[in-house]
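Okay, everyone, thanks for coming. Let me put the structure up on the screen, and then we'll walk through it together.

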Amino acid sequence: MSDAAKKPLLEVRNLRTVIDTAHGTFPAVDEVSFVLERGAVLGVVGESGSGKSMLALSLLRLLPGKGRIESGEALLDGRNLRALSEREMRGVRGRRIGMIFQEPLTSFDPLYTIGDQIAESVRKHLGLKPRQAREKAVELLSTVGIPRPDLACDEYPFQFSGGMRQRAMIAMALAPDPELLIADEPTTALDVTIQAQILELLAKLQRERGIAVLFISHNLGVIAEIADEVMVMYGGQVMERSEVVRLFDAPAHPYTQSLLEARPALDRAPSRLRAIPGQVPSLESRPAGCPFHPRCGRAMDICSRARPSRSFLGSGQEVACWLQGAGNAFQTHARASGAGGES
Amino acid sequence: MLRFFLRRAMESLITIIVIVSVVFLVLNLSGDPIRMMASPTASAEEVAELRAAFGFDKPLVLRYGDFLAQISRLRFGDSISTRQPALRMVLQRLPATLLLAFTALAIATILGIPLGMLAAVRRGKAADTAAVLVSMMGQAMPVFWIALLLIFVFGVMIPILPPSGYGTFAHLVLPSISIAIFLLAGIVRVTRASMLEVLQQPFVTVVRSKGLEERIVLFKHALRNASIPVLTQLTLQMRFVIGGSVVVESVFGWPGVGQLLAQAAYGRDYPVVIAATFFIALFILAFSMMLDLAYGLVDPRVRIWH
Ligand SMILES: Nc1ncnc2c1ncn2[C@@H]1O[C@H](COP(=O)(O)OP(=O)(O)OP(=O)(O)O)[C@@H](O)[C@H]1O
Ligand code: SF4
Ligand SMILES: [Mg+2]
């Protein structure tokens, strides 16, 4: 594996995921590219509907029925996940890439104990016997700070509080020792104090285990606490990607700037970032050109006509905006195939 | 759990008392069984004698009291037509009815649940469309019609099965299928719908995200969750199994409690009607208690909250 070790843990190239709707086929994830190194934390931020969850589910190849990856690739240790058989993919899910979901209540099967649900993936991926798997589950529950883990192990999800369930969810995702954890809004459904505790727990486990995390949130404040690097998404596209400090100090993209301005002064309440004027266009009515142009205060003529390409501003900052004076328009698939309502 | 069952047993007892009381009232208010028993030429004294022999000379309220006292000791009296103990007549026929009911139920669940699952997993595909169509047809056809159709096709046109009677396995086939078709249709419909709903739930994606096989997703997680509405459906359908068996037993000459009840009701054989009703009610209640137990086994929330 020395060869694989030199490659980044996850490299996504021009990933495009489309959804079939009654009105046609539209991209929910549009030409997304990024690199996630081992042990690093990449935050993904964007308003509701920007394609964050679709991106996460694309990586695991667990898209809902109407969604499919249309083009691009996702390389895990240099191995293209799209090329794996379904059986090989099952070996990646859980074992190499763990996932934490937003809703701790509905994320567990109500009919099985928490311990059983943790143990089932341990048994599959680590080949443990039921007894050992149970011990492992107890150990993990204690790691994530669940009191009296040996009793909690035999309890059902409905007997857990929301915060405890999310801790158990983390234990479940970490059980087979994945190298990459995808956390899709893991704190959004929780109340503020619990949010902070869960975030702290995740940050601690991430440091201790050196696990890489793709941390999805619509809350920049949350992202700031945990991420090394941030990717800002809008309309399925990456607007800006930058190291976290730099993003807050010198946001280069007008959308990032609006996000930062819309942030409540003391970032406490779970903000839905409503303060940006205008509305997020629905999947079916995304504008041509730069997806942000109808809401952008600095939009120019060209913004509505052509999609800006990525410009690299040094120290890893990457922006897709015509203000950066980048060269040619990005030739997107959408335009080539006539899909996506673009003309 | 024990308290839950004691409560259910109490409820069942009350239900049985109510049912037999209603039957008692209806029978007593709808005509005079002694008039029908006595020969048309019988003298007034002879009729009065008969009346006294069966206890029909007392006022209704007193008779009702006696009636409950007798029933509580499982004394149903003698049949007015055969003069045999009504209890024995019903008990003799009970095995045939249980055999028919459970065979039909077994056919319907063993086929219905996998078919419903298949339809849900293949949503919109040919297998699904076929299952939906068959289930709609099965529910639209009255059971006597299904029974007659089966007799016509398999007893007359292609005579491979006995069209009526009792005693061998072959005799069981057509009557049990007649009842099973209707049940099956309902089970397919409910299994399919509840499976589709469960497969939409976030925890299914979570199970998949752990890398578990589709077999585990479907059978361990989705099916168990989907089976809760199916149990409810079975509880609802039990009434139909009984109603259906009265019809089906009569059509196929199946010597069960249903057929006995139909004959007794027609002949105003009051003790037999009461005894048959009593056991049918008992059967339905025992069955629904079994299903309650099944709920508890399937769903820990039921088990722990009660
Ligand atoms: N099952 C689906 N069928 C059709 N469209 C969908 C489906 N799931 C998501 N979409 C659409 O895809 C786009 C991206 O959705 P996605 O869930 O990835 O957004 P998100 O960034 O995760 O938002 P949120 O913050 O609300 O979770 C949205 O426009 C959404 O309407
Ligand atoms: S490309 Fe144009 S519309 Fe888009 S963010 Fe930049 S300036 Fe605004
Ligand atoms: Mg989402």
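Let's begin at R61(A), which sits in the loop between α2 and β4 (67-76) of chain A. The backbone here has a positive phi of about 55°, although R61(A) is not a glycine. Is that residue buried or exposed, or something in between? With a relative accessible area of 24%, R61(A) is partly exposed, because buried would need a value under 20%. And one thing to keep in mind throughout: this is a predicted model.

D77(A) is not a glycine either, and its phi is positive, about 55°. You'll find D77(A) in the loop between β4 and β5 (79-80) of chain A. What about its exposure? D77(A) has 11% relative accessibility, so it counts as buried.

Okay, on to the ligands. Ligand 1 has 14 residues around it, and the closest ones are S48(A), G49(A), K52(A), S53(A) and M54(A). Which element gives the largest share of that shell? That's helix α2 (residues 52-60) of chain A, with three residues. If you sort the shell by class, you get five nonpolar, five polar and four charged residues.

Now look at the backbone around ligand 1. G49(A) has a backbone N or O atom 2.8 Å from an oxygen atom of the ligand. For S50(A), a backbone N or O atom lies 3.2 Å from a ligand 1 oxygen. How much of the ligand does the protein cover? On its own, ligand 1 exposes 630 Å², and the protein buries 70% of that.

Ligand 2 has its own set of neighbours in chain A. Among them are the cysteines C290(A), C296(A), C303(A) and C321(A), along with the histidines H253(A) and H293(A). By class, the residues around ligand 2 divide into nine nonpolar, two polar and one charged.

Next up, salt bridges. Searching the whole structure turns up 28 of them over all chains. Let me show you a few.

Take R295(A) and E47(A): they form a salt bridge, and their closest N and O atoms are 3.1 Å apart. Why is that pair interesting to look at on the screen? Well, R295(A) is in the loop between α11 (254-262) and β11 (310-314) of chain A, while E47(A) is in the loop between β3 (41-45) and α2, so the pair ties together parts that are 248 residues apart in sequence. Both R295(A) and E47(A) are buried.

Here's another one in chain A: E318(A) makes a salt bridge with R241(A), again with the closest N and O atoms 3.1 Å apart. E318(A) belongs to strand β12 and R241(A) to strand β10 (residues 237-243), so this pair ties together parts 77 residues apart in sequence. In space, their C-alpha atoms are 5.0 Å apart. Are these two buried or exposed? E318(A) has a relative accessible area of 3%, so it's buried, and R241(A) counts as buried too, at 11%.

Let's hop over to chain B for a salt bridge. The side chains of R301(B) and D299(B) meet at 3.0 Å, N to O. The two partners fall into separate categories here: R301(B) is partly exposed at 24% relative accessibility, whereas D299(B) is buried at 7%. Back in chain A, there's also a network: R16(A), D30(A), E70(A) and R307(A) are joined by salt bridges that share partners.

While we're on chain B, what is it built from? It has 13 helices and zero strands. Along the principal axes, its C-alpha atoms fill a box of roughly 85 × 55 × 30 Å. Of its 306 residues, 46% count as buried.

Last stop: a surface patch on chain B. M10(B), L13(B), I14(B), I17(B), V18(B), V22(B) and V26(B) make a nonpolar patch of about 620 Å². Have a look at I17(B), which is in helix α1 (residues 2-29) of chain B. At 40% relative accessibility, I17(B) counts as partly exposed.

That's my tour, so over to you for questions.

Key
Residues are numbered from 1 along each chain as its sequence is written. Chains are lettered from A and ligands numbered from 1 in the order in which they are written. This is a predicted model: local features need pLDDT of at least 70, side-chain atom pairs count only at pLDDT 80 or more; totals for chains, interfaces and linings use all residues. Side-chain values use heavy atoms; hydrogens and water are left out. A residue is near a molecule or strand if one of its heavy atoms lies within 4 Å of it. A polar contact is a pair of N or O atoms within 3.5 Å; within protein, one must be able to donate a hydrogen and the other to accept it, and residues adjacent in sequence count only if both atoms are side-chain atoms. Accessible areas come from the Shrake-Rupley method with a 1.4 Å probe; for residues, only the protein chains shown count as cover. Helices (H or I, at least four residues) and strands (E, at least two) are DSSP runs, numbered from the N terminus. Ala, Val, Leu, Ile, Met, Phe, Trp, Tyr, Cys and Pro count as nonpolar, Asp, Glu, Lys and Arg as charged, and the others, Gly among them, as polar. Patches are made of residues with over 30% relative accessible area and no salt bridge: like charges are joined within 9 Å, nonpolar side chains (Val, Leu, Ile, Met, Phe, Trp, Tyr) within 5 Å. A salt bridge is a side-chain nitrogen of Lys or Arg within 4 Å of a carboxyl oxygen of Asp or Glu. Buried means under 20% relative accessible area, exposed over 50%, partly exposed in between (1.4 Å probe, protein chains only).
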